[in-house]
Amino acid sequence: MTLKSSQEYLESIKKRKPMEIWFRGEKIDDPTTYGPLSSSLNAMMKVYELAQDSDIGPLMTVESTLVNGLVNFYVAPLMSREDAVKKTKMARILAEVLGCCSHRCTGSEAISGLYPLTYDMDEIKGTDYHERLKKWIKYVQDNDLACTATLTDPKGDRKLTANKQKHPDFYLRIKEKRDDGIVISGAKVNQTGIIFAHEVVIVPTNAFSEDEKEYAVACAIPADTPGMTYVLGRTPQDLRLAGDEIEKIDAGKEFADHQATVIFEDVFVPNERIFMCEDYEFTPLLLEYFTAVHRITAGGCKCGGLCMLTGAADLAIEYIGAEKAGHVKNKLAEMVIKLETLYALSLAAGFEGFEHPSGAWIPNSLLAHCTKFQATCLPFEDIAIAREFLTGWGETAPAAKDLFHPVIGPKLEKYFTPVAKEGATAEDRLRVVRLIEHLCRGSNWTAMAIHGGGNMEAARLMAYRHTDWNKLKDIAATACGVSKDKKKTYRKIAERKGQIDFGEKGFKAYLDKLKKGKEEKQV
Ligand SMILES: Cc1cc2nc3c(=O)[nH]c(=O)nc-3n(C[C@H](O)[C@H](O)[C@H](O)COP(=O)(O)OP(=O)(O)OC[C@H]3O[C@@H](n4cnc5c(N)ncnc54)[C@H](O)[C@@H]3O)c2cc1C
């Protein structure tokens with residue numbers, strides 16, 4: 001079994017070579033002792049700790065298909081329907097504990113996307129990407145390394161393709177090809193958990209055409225590779241986290257994540273760590289494989305976060321004695337319906353997938369995009385309810401330092417104590433207030449709901465593309481008698497799994513097109 005304890009993880013992170021990390025105009029020498037990053041480190045360490053927890057651990061580990069024994073689920077590709085279901089459950093449970101990103105999920109999704117993709121590439125192009133990837137995954141599994149997927153480019157002017165931007169670095173690119181590897185240049189933005197990662201997995205953000213092939217790059221590099229500069233993003237709570245223990249109460253909870261901008265200046269990647277090099281024709285497929293897995297996680301993890309928000313809303317309304325009101329119960333029930341809907345969608349997307357010839361499991365992409373779409377919308381309805389129950393005084397609550405101050409504290413406490421709930425203290429109320437504030441507007445949790453794993457429009461576009469519109473029209477035409485070929489329609493209905501969704505048939509059709517293209521070129 002290769003599982004690091006949280007302490008072993010911390011020691012391994014401290015052993016990384018010095019990294020260029022900046023925040024508020026200052027260089028951070030040691031991110032593991034830096035106040036604004038403390039909640040993020042707590043979260044990362046908790047994720048390592050939970051993998052060995054007797055209750056939660058079994059959901060976070062899996063028998064490896066590459067090395068002997070159990071490994072962390074975050075370093076293994078999805079290989080079965082059971083794995084896909086487990087992924088959703090794990091995402092939910094971790095979010096219920098942390099109320100923030102688990103920091104390691106994107107890395108596992110990059111692994112799950114690259115695994116079938118490199119297999120396809122080798123089949124069609126005769127490359128050896130799959131073996132390279134497997135070797136790297138084994139290394140990552142043997143050492144239980146934290147990996148982050150690094151997709152999002154700055155992208156400049158969205159009207160222009162990557163090769164037409166004002167600067168060629170607006171999308172991360174291959175600047176130079178050498179016998180022993182490549183040199184990459186550019187930037188990636190909004191990178192979650194990256195400062196506490198061991199490995200950075202670079203994946204293209206878009207599908208690219210032949211004249212943009214320098215942007216078609218996938219590879220893995222250690223986070224402390226020379227030439228990389230990290231700039232930590234701000235959150236409204238970062239300075240609260242840098243304060244003492246009382247000030248930290250205002251941060252809302254023990255765990256949070258971080259995002260960073262990463263600048264790559266002539267970073268060398270050796271051949272054995274390259275999994276796509278100018279293979280532009282495979283970029284759409286990689287995005288399909290990646291998002292199918294990543295977007296099921298969005299459902300599980302937003303569901304877990306909403307469990308926390310719903311519980312906090314219930315506590316807040318109890319503190320003012322309005323919990324029995326009919327509209328309150330209705331609103332709480334709606335919160336539960338929404339979070340369980342996300343869970344159900346996410347589970348269904350994983351369940352209705354298919355087995356790829358590489359052995360990998362690909363979730364149902366249409367359902368995965370539906371999950372992501374709902375994950376961008378539903379939290380905001382719940383946020384409005386939680387903020388309503390918080391009361392206006394929750395929104396404008398005083399600082400913990402005032403509540404605990406020897407002079408002003410007792411005066412505040414008299415009014416802030418939630419007298420409607422027996423035994424509850426002013427401190428309890430402030431903690432719940434700050435938790436709701438954290439989830440609704442203090443951290444990047446809501447930004448992640450909107451943008452993490454792609455925004456609502458991306459999900460809408462993919463849902464449109466992955467729907468078999470002819471089938472839907474046939475259903476209607478058969479029902480109202482416009483179409484007479486009932487049997488044909490019934491067959492289509494019965495084939496639901498592969499028909500209405502891009503699914504197995506869609507992926508096969510895409511691969512066949514690539515194979516045919518290659519044969520025609522050879523002729
Ligand atoms: C908290 C947080 C955590 C994140 N974590 C990660 C991470 O770990 N790794 C990672 O790689 N990324 C991460 N992301 C990035 C995330 O994946 C992107 O923000 C997301 O894909 C959207 O990309 P964008 O920000 O460039 O916005 P855009 O895609 O540019 O979207 C902005 C708006 O412009 C519209 N738009 C853009 N281009 C066009 C066009 N051509 N035509 C029509 N409309 C257009 C969009 O529809 C949208 O309405 C994270 C983001 C956040 C906020």
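**Fold and selected residues of a predicted protein chain**

E519 lies in helix α21, which spans residues 503-522. Helices here are DSSP runs of H or I with at least four residues, strands are runs of E with at least two, and both are numbered from the N terminus. The model is predicted: local features need pLDDT of at least 70, side-chain atom pairs count only at pLDDT 80 or more, and totals for chains, interfaces and linings use all residues. Residues are numbered from 1 along each chain as its sequence is written, and side-chain values use heavy atoms, with hydrogens and water left out.

E519 counts as partly exposed because its relative accessibility is 47%. Buried means under 20% relative accessible area, exposed means over 50%, and partly exposed lies in between (1.4 Å probe, protein chains only). E519 and I124 are 395 residues apart along the chain. Their C-alpha atoms are separated by 9.8 Å.

The protein chain as a whole contains 21 helices and 14 strands. Its radius of gyration is 24 Å, which agrees with the value near 24 Å for a compact globule of 523 residues. This radius is taken over C-alpha atoms, and the globule rule is 2.2 Å times the number of residues to the power 0.38. Along the principal axes, the C-alpha atoms fill a box of roughly 85 × 65 × 50 Å. Of the 523 residues, 57% count as buried. Contact means heavy atoms within 4.5 Å. Among contacts with a separation of 6 or more, 77% join residues 24 or more positions apart.

R429 lies in helix α15, residues 426-442. R429 is buried yet has no salt bridge. Such a bridge needs a side-chain nitrogen of Lys or Arg within 4 Å of a carboxyl oxygen of Asp or Glu. The nearest side chain of opposite charge, D428, is 11 Å away. Lys and Arg count as positive, Asp and Glu as negative; His and the chain ends are not counted. Leaving aside residues up to four places away in sequence, R429 touches Y319, I320, T391, W393, Y415, F416 and P418.

Positive phi values were examined next. K155 has a positive phi of about 70 degrees, although it is not a glycine. K155 sits in the loop between β5 (147-150) and β6 (173-178). K155 counts as buried because its relative accessibility is 17%. D266, also not a glycine, has a positive phi near 50 degrees. D266 is found in strand β11, residues 259-270. With a relative accessible area of 44%, D266 is partly exposed.
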